[in-house]
Amino acid sequence: MATGGNSLPSPSCADDKKRRVSYYYDPGIAPIDFGKEHVMVPARVAMAHSLVGVYGMLGDMRRLRTRPATEAEIRRYHSPEYVGLLRDLTPESYANNASLRQKAQEHHGIGVGGDADCPAFARLWEYCRGYAGGSLAAARAVVDGASDIAINWSGGMHHACHAKASGFCYVNDIVLAINELLDCFRRVIYVDIDAHHGDGVQEAFVDSNRVMTLSFHRYDTKGCRKWFFPGSGDVDEIGKDTGRYYSLNVPLDAGVGDDEYHKLFKPVVGKAMEVFQPEAIVLQCGADSLSGDRLGGMELSVRGHAECVSYLRSFNLPLLLLGGGGYTINHVASTWCYETAVAIGKERELPDEIPRHGYELFYENQGNKLHYRTSPAPASKKSSNTAETTKGKVLEHLSEIKAAPRVQFQKRRGNAAGVDNGDL
């Protein structure tokens, strides 16, 4: 796998292929049930964790303590009224309390209809606190210098808004983690490779010049093709006020594959790194951009998706890897397992044949291989021309940034990472 980038080996590890990696896994998240017909299946994180274990990688990482986020920590971004609703909402209270149900539906996007994107399910508050706590712990691990890279595959809920659930997302752990990083780092870049636009994160920092948001996503307009959620993320969405040109979007056609994707990804990310000069990176690794996803409609391979992780890793800056979308759960688990190996520096050591580990039946339809066969991406002159036009516009927006913003503050240090070197 080519890494790109222009960085030197990490000074923290004697082996220049390795990195100090912290890893978060909360077994309480896997049993969460969005509903029988819902496409969001949190058990995919347990599947990824099981693969990471059977491939022998848990001993290569430090375990982040499983401390749920507190109500105060979640309120650092989300409104008190919305947080109170999440805390108090249960399937029973939703069914029996008419005023609570009305507030949840009309004001906060929860539980509208039998096929709700964001249902009121059992242990909702515990679920939100769990994945948000993981992203906060990951942020603290890199803030305090305990790790070069920190991973929370249960996080990455990029659609959640200040006072509203959206797109299967309730608490925006990404925003919480970035705010934690901003206490220490002057500039943070957020890169999103989910099939869907990272609208909630963009909105949170739309007027900031300390956070650059850069989203690569499928974008279909209502006027010419079937609309694709959330409908935002046009190339001309560039932020506002002080944050003008710090919100960047790379809209993509359905069916885009590895080659075309990276002809956009690497030049755009490389230029953003050069111009913005971030001190930390957050990468949302939504796996619905993989070939064969139930919702995404894109055609990235496991290696093509992981190439984004490898490229950003090569800049040797503190790096957070978070989950996100992904609705063909065996593909999600394969990819996040492989990307864990990329983070550590062991991806070339992983056999393609998946070892026996208890979830074998889930991988039968991909030949029990980590790298399953992908569909060929449709090539067309029109799509190639569109991609070049998009790249040109994004690079033009980046050229408007004349110098990285300077920030004066006292960097925070201390042992707040919550690292546990015990058994994984």
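Reply: The count comes to two cavities of 30 Å³ or more. A cavity is, on a 1 Å grid over the protein atoms alone, a set of points where a 1.4 Å probe fits but cannot get out, and its lining residues have an atom within 4 Å of a point. Grid points are joined across faces, edges and corners, and a volume is the space filled by probe spheres set on the points. The model is a predicted one, in which local features need pLDDT of at least 70 and side-chain atom pairs count only at pLDDT 80 or more, while totals for chains, interfaces and linings use all residues. Residues are numbered from 1 along each chain as its sequence is written, and side-chain values use heavy atoms, with hydrogens and water left out.

The largest cavity has a volume of about 60 Å³. Ten residues line this cavity, and those nearest its centre are Pro251, Leu252, Asp253, Thr386 and Ala387. At least two lining residues come from each of strand 6 (247-252), helix 9 (258-276) and helix 12 (381-399). Helix 12 gives the largest share, four residues. Helices (H or I, at least four residues) and strands (E, at least two) are DSSP runs, numbered from the N terminus. By class, the lining has five nonpolar, three polar and two charged residues. Here Ala, Val, Leu, Ile, Met, Phe, Trp, Tyr, Cys and Pro count as nonpolar, Asp, Glu, Lys and Arg as charged, and the others, Gly among them, as polar.

The second largest cavity has a volume of about 50 Å³. Its lining consists of Ile29, Met40, Pro42, Arg44, Val45, Tyr127, Ser154 and Met157. These lining residues divide into six nonpolar, one polar and one charged.

The record comes next. An unreviewed UniProt entry places the feature "binding site" at Asp117, Gly167 and Tyr327. They span 211 residues in sequence, yet no two of their C-alpha atoms are more than 13.3 Å apart, so they gather at one spot. Asp117, Gly167 and Tyr327 all belong to the lining of the largest pocket. A pocket is an open set of grid points with protein on both sides within 12 Å along at least five of seven lines. UniProt positions are given in the numbering used here, feature names are shortened, and annotations may be inferred rather than shown by experiment.

Aspartate 117 sits in the loop between helix 5 (98-108) and helix 6 (124-143). With a relative accessible area of 39%, aspartate 117 is partly exposed. Buried means under 20% relative accessible area, exposed over 50%, and partly exposed in between (1.4 Å probe, protein chains only). Setting aside neighbours within four places in sequence, aspartate 117 is in contact with His38 and Phe168, where contact means heavy atoms within 4.5 Å. Glycine 167 lies in the loop between strand 3 (149-152) and helix 7. Glycine 167 counts as buried because its relative accessible area is 8%. Its contacts, with neighbours within four places in sequence left aside, are Cys118, His159 and Phe229.

Helix 7 itself, residues 173-182, is mostly covered, for ten of its ten residues are buried. Among them are Asp173, Asn179 and Glu180, together with Ile174, Val175 and Leu176.

The UniProt annotation "binding site", again from an unreviewed entry, also covers Asp194, His196 and Asp288. They span 95 residues in sequence, yet no two of their C-alpha atoms are more than 8.1 Å apart, so they gather at one spot. The lining of the largest pocket includes Asp194, His196 and Asp288.

Histidine 196 is found in the loop between strand 4 (188-192) and helix 8 (199-204). At 8% relative accessibility, histidine 196 is buried. Not counting residues up to four places away in sequence, histidine 196 touches His158, His159, Ser215, His217, Phe228, Phe229, Pro230 and Asp288. Aspartate 288 lies in the loop between strand 7 (280-284) and helix 10 (302-313). Aspartate 288 is buried, with a relative accessible area of 0%. Leaving aside neighbours within four places in sequence, the residues in contact with aspartate 288 include Asp194, His196 and Tyr327.
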